[in-house]
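Thanks for coming. I will go through one model this morning, chain by chain and then contact by contact.

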Amino acid sequence: MKKILSIACLSAALLLPLSGCGNTSSGENGEVIVYNWGEYLDPETLQMFEEETGIRVVYDEYETNEIMYPKVETGATEYDVLCPSDYMIQKLIDNDLLAELNFDNIPNAKANIGSQYWEQSTEFDPENKYSVPYCWGTVGILYNKTMVDGTIDSWSVLWDEKYADNILMQDSVRDAFMVSLKRNGYSMNSTDAGELETAKQDLIDQKPLVQAYVVDQVRDKMIGNEAAIGVIYSGEAIYTQRENPDLEYVIPKEGTNVWIDSWVITKNAPNKENAEKFIDFMCRPDIALKNFEYITYSTPNDAARELIEEDDIRNSPIAFPELSQYSNLETFRYLGEDADQLYNDLWKEVKSN
Amino acid sequence: MIKTTAQKIYVGLIFLFLYAPILTLMMLSFNASRTRAKWGGFSLKWYADLFRNREIMQALWNTLLIAFIASFVAVVIGTVACIAINRMGRRSRAVMMGITNIPMLDAEIVTGISLMLLFISFGLKFGLGTILLSHITFCIPYVVLSVMPRIRQVDASVYEAALDLGAPPLKAFFKVVFPDILPGVLSGYLMAFTISLDDFIITHFTKGAGVDTLSTKIYTEVKKGIKPEMYALSTIIFVTVLLLLFLVNKAPKEKRGKIQTVKTG
Amino acid sequence: MKLNTVKHNKPAGRLLSAPFLLWETLFIIVPLAMVFYYGLTDRSGAFTLENVAAILGAEHAKALWLSVCLSFVSTLICFLLAYPLAMILANMNVNQHSFIVLIFILPMWMNFLLRTLAWQTLLEKNGVINNILEFLHIPPLNIINTPAAIILGMVYNFLPFMVLPIYNSLVKVDPNVINAARDLGANELQTFFKITFPLTIPGVISGVTMVFVPALTTFVISKLLGGSKILLIGNVIEEEFTQAGNWHLGSGLSIVLMIFIIFNMVISAVFDKNGEGNML
């Protein structure tokens with residue numbers, strides 16, 4: 001038993017100094033608590049922000065809007081800045097969980113973000129009072145040219161038995177139903193029980209063909225040739241293509257989701273001023289560019305886009321598609337508590353089947 | 001002879017099964033490619049990057065800090081509880097042991113959500129504190145279960161003799177009883193430390209913003225692909241512990257060979 | 001004098017148990033009571049059995065049934081693998097008790113999520129195992145994202161919890177008893193089934209509970225190795241809390257889980273009165 005003691009002590013002694021370098025002290029100008037999507041900015045920009053402003057960033061990550069919401073709602077953890085998607089911002093506004101922004105403290109936002117993105121934001125934030133666009137994009141199909149026949153242009157390929165066990169679906173309620181609803185020609189904001197029932201049945205029929213339901217893991221799996229077809233956010237397409245040139249991204253002809261993720265500040269944010277400074281910093285062209293290069297999600301920051309050096313990326317149809325070329329594009333809307341419940345129940349039926 | 005060979009093969013296969021994932025992770029720590037899906041050649045760069053990665057270092061610090069404090073507090077509460085339980089009657093002892101066993105037998109997910117509900121109802125802010133409280137809670141049983149058998153072997157009359165000779169109770173305890181139960185206390189401590197270190201589920205439900213342990217950090221990273229620095233760190237931790245285990249075990253090994261008895265089962 | 005100390009010790013004993021009792025009440029009993037409170041009320045706070053009865057709904061019943069099946073199979077496999085292993089280990093070297101315990105808890109120093117994730121890398125279509133099989137011209141193994149992969153993950157993660165209690169109870173079997181049985185003419189098999197095995201039942205029971213409960217309630221293993229295609233009861237509960245935000249339903253389903261757990265506790269209390277089959 002003495003052995004156990006010595007092992008415990010020695011390993012502790014050896015590991016502790018190793019971790020010592022990680023201990024940071026709180027910033028001289030307070031802190032800001034940011035709750036963002038997983039790997040959704042370049043960590044270096046956080047360090048730059050801390051050095052320039054003396055504000056310490058407490059950083060936390062979530063995987064889906066649905067995971068983020070209850071954490072904010074219960075208030076057991078205080079957050080200052082969030083980065084939810086369109087419909088979730090609407091839900092947060094409806095439930096009085098967001099604070100109005102003081103744009104005087106965020107001069108970079110109005111100066112650098114393109115007007116069409118403010119316009120698009122009015123769908124969920126009618127007066128542009130609560131949110132500052134951070135990233136946007138579409139949802140489409142990523143496929144491996146060497147593993148599929150011909151060209152792919154329709155959601156229906158996800159129901160093609162040829163590709164059984166080679167299909168990756170999105171593991172989040174709204175995204176999965178979006179695919180199924182759009183394929184049937186319905187609106188992805190449908191609350192019609194009949195339409196949703198059809199969509200659910202289709203998803204159940206599709207399940208045996210699906211290799212896995214994933215959110216961000218689709219990236220690694222497609223790079224590793226684990227699957228032929230995956231539903232993916234356009235922002236991941238550039239990264240995955242860089243790692244595996246056989247991959248191709250397409251927006252299906254039935255239409256898809258055009259989404260915006262925007263910075264918002266919570267109603268009871270303990271550090272509202274710092275939060276506005278943070279958002280302003282993220283809107284600076286050089287910072288937005290740095291983040292774009294790291295995460296490869298399309299930036300609504302026109303000034304940053306100008307700074308992109310490679311022509312083929314600045315004018316990439318994937319990162320910056322001309323939306324007027326596509327029909328049936330929609331943005332998610334918050335559908336109310338009852339519809340949320342209905343979607344959740346139907347999704348559970350799909351998953352447990 | 002055939003039998004012992006077969007036995008060796010069997011044990012070997014089980015250990016291959018237990019340690020294959022660990023070997024895989026070690027390999028991945030030398031993979032030059034950022035994604036786990038591709039082998040990009042041998043590289044040591046993740047080991048260098050590791051020390052510059054503030055988030056991972058912070059998570060390591062949190063993990064060790066929580067494990068240290070939680071197992072220490074658990075050892076104090078647990079050992080004192082053992083002394084108390086030992087003096088109780090049969091019935092109360094059974095009740096106490098029953099309570100101790102709840103978190104061991106209960107599902108981690110239930111422990112996790114029950115603590116989450118508690119903290120939310122009492123308006124506690126989620127953070128390092130809530131994680132610590134939870135970890136102490138699930139560490140205590142491991143301490144009690146390893147100290148209890150030791151304390152039952154302690155001869156109570158020795159302690160009483162010390163008291164009779166005029167030693168104050170605390171001194172009598174540390175001079176007479178404590179050395180006897182020390183091995184149990186230490187193995188309880190190590191067990192609690194390891195369990196705390198490896199816990200994910202309960203931390204998942206009780207953690208707050210920006211306070212990540214290695215487990216929760218990994219869980220958020222799983223989705224985008226684990227950062228290779230994490231493999232490097234795990235390899236370092238594992239190899240450190242493994243080396244120590246061998247060093248500590250090497251010395252008494254020769255003595256042991258002599259008393260080794262060969263039996264067949 | 002003796003009488004005197006006993007008198008002194010009783011209240012002292014109670015005092016010493018105070019911190020422990022306080023802690024256990026505050027952080028185990030009260031939280032469990034809260035699960036019951038949430039599970040038996042609806043959003044308005046009124047009493048209802050709906051959340052518990054929800055287990056009978058098609059999706060939940062299916063998830064529970066699947067969880068029970070998978071954890072049963074995993075427990076069985078763990079037992080079948082662990083018993084012979086524990087016997088071999090117990091016969092190997094009398095003095096290496098702590099070393100053997102350490103070998104089994106050593107993997108825990110590498111994070112549980114990483115180890116489980118490593119199985120993904122091993123089992124994937126183009127994973128390590130399939131590459132080896134291809135090299136040997138053996139047909140590939142396609143079990144990732146199936147129940148088989150989840151069972152493998154469960155066996156992998158929980159095997160030590162089966163091996164250690166069995167090993168501990170085997171080590172305690174007095175060799176004289178076995179020798180006596182052999183002297184009296186019992187053959188190896190008879191000795192095993194009549195003497196050794198019955199003596200190790202507390203260890204087996206302890207191992208079974210230590211494997212069955214975590215396997216029944218896991219949500220991580222099914223998520224990582226099942227490709228989120230297979231919904232276990234643990235996943236349902238986790239999602240109710242972290243995504244759907246319906247604590248009442250999540251708590252109601254947890255109450256159902258607790259019934260299984262209590263059943264397990266009773267069994268282990270009956271078979272293992274003295275705590276012999278403890279893994280430490």
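Chain C has twelve helices and zero strands, where helices are DSSP runs of H or I with at least four residues, strands are runs of E with at least two, and both are numbered from the N terminus. Read from the N terminus, the order is therefore α-α-α-α-α-α-α-α-α-α-α-α. This is a predicted model: local features need pLDDT of at least 70, side-chain atom pairs count only at pLDDT 80 or more, and totals for chains, interfaces and linings use all residues. Residues are numbered from 1 along each chain as its sequence is written, while chains are lettered from A and ligands numbered from 1 in the order in which they are written.

The C-alpha trace of chain C spans about 75 × 65 × 35 Å along its principal axes. Chain C has 280 residues, and 46% of them count as buried. Buried is taken as 20 or more other C-beta atoms within 10 Å of the residue's own, exposed as 12 or fewer, and partly exposed as anything in between, with C-beta atoms placed from the backbone. Of the contacts in chain C with a separation of 6 or more, 76% are between residues 24 or more positions apart; a contact is two C-beta atoms, placed from the backbone, within 7 Å.

On confidence, the average pLDDT of chain C is 87, and 91% of the residues score at least 70. That score is the predictor's confidence in each residue, from 0 to 100. Residues 1-8 of chain C have a pLDDT below 50, and beyond near neighbours in sequence this stretch has three contacts in the model. For the complex, the predictor gives an ipTM of 0.85 and a pTM of 0.87.

Now the interfaces. How many residues of chain C are in contact with chain B? There are 67, and they meet 71 residues of chain B. Several helices of chain C supply at least two residues each to this side, among them H3 (58-92), H9 (188-217) and H12 (247-271). H1(C) gives the largest share, 17 residues. By class, this side of chain C has 48 nonpolar, 16 polar and three charged residues. Nonpolar here covers Ala, Val, Leu, Ile, Met, Phe, Trp, Tyr, Cys and Pro; charged covers Asp, Glu, Lys and Arg; the others, Gly among them, are polar.

Between chain A and chain C, 23 residues of chain A are in contact with 16 residues of chain C. The elements of chain A that give two or more residues to that side are helix H1 (2-20), helix H3 (65-74), strand S6 (210-214) and helix H15 (337-352). The residues on this side of chain A are nine nonpolar, five polar and nine charged.

Five of its five residues are buried, so S6(A) is largely enclosed by the rest of the structure. S6(A) runs parallel to strand S5 (residues 167-170) of chain A, with four bridges between them; two strands pair if DSSP finds at least two bridges.

Chain A is divided into domain 1 (27-136 + 258-320) and domain 2 (137-256 + 328-352), with bounds from an automatic or database domain assignment. Their C-alpha centres lie 26 Å apart. The contact takes 23 residues from domain 1 and 17 residues from domain 2 of chain A. On the domain 1 side, H4(A) gives the most, with five residues.

The largest nonpolar core has 251 residues, and those that touch the most other members include A:Val81, B:Cys139 and C:Met162. Such a core is a set of buried Ala, Val, Leu, Ile, Met, Phe, Trp, Tyr and Cys residues joined through C-beta atoms within 7 Å. Helix H3 (residues 54-86) of chain B gives the most to this core, with 18 residues. Both domains of chain A give residues to this core, so it lies between them. Beyond four places in sequence, the contacts of B:Cys139 include B:Ala70, B:Ala74 and B:Ile195.

Last, two backbone angles. Most residues other than glycine have a negative phi. A:Thr296 has a positive phi, near 55°, and sits in the loop between helix H12 (285-295) and helix H13 (302-307) of chain A. A:Thr296 counts as buried because it has 23 C-beta neighbours inside 10 Å. A:Asn328 also has a positive phi, about 60°, and is partly exposed, with 13 other C-beta atoms within 10 Å.
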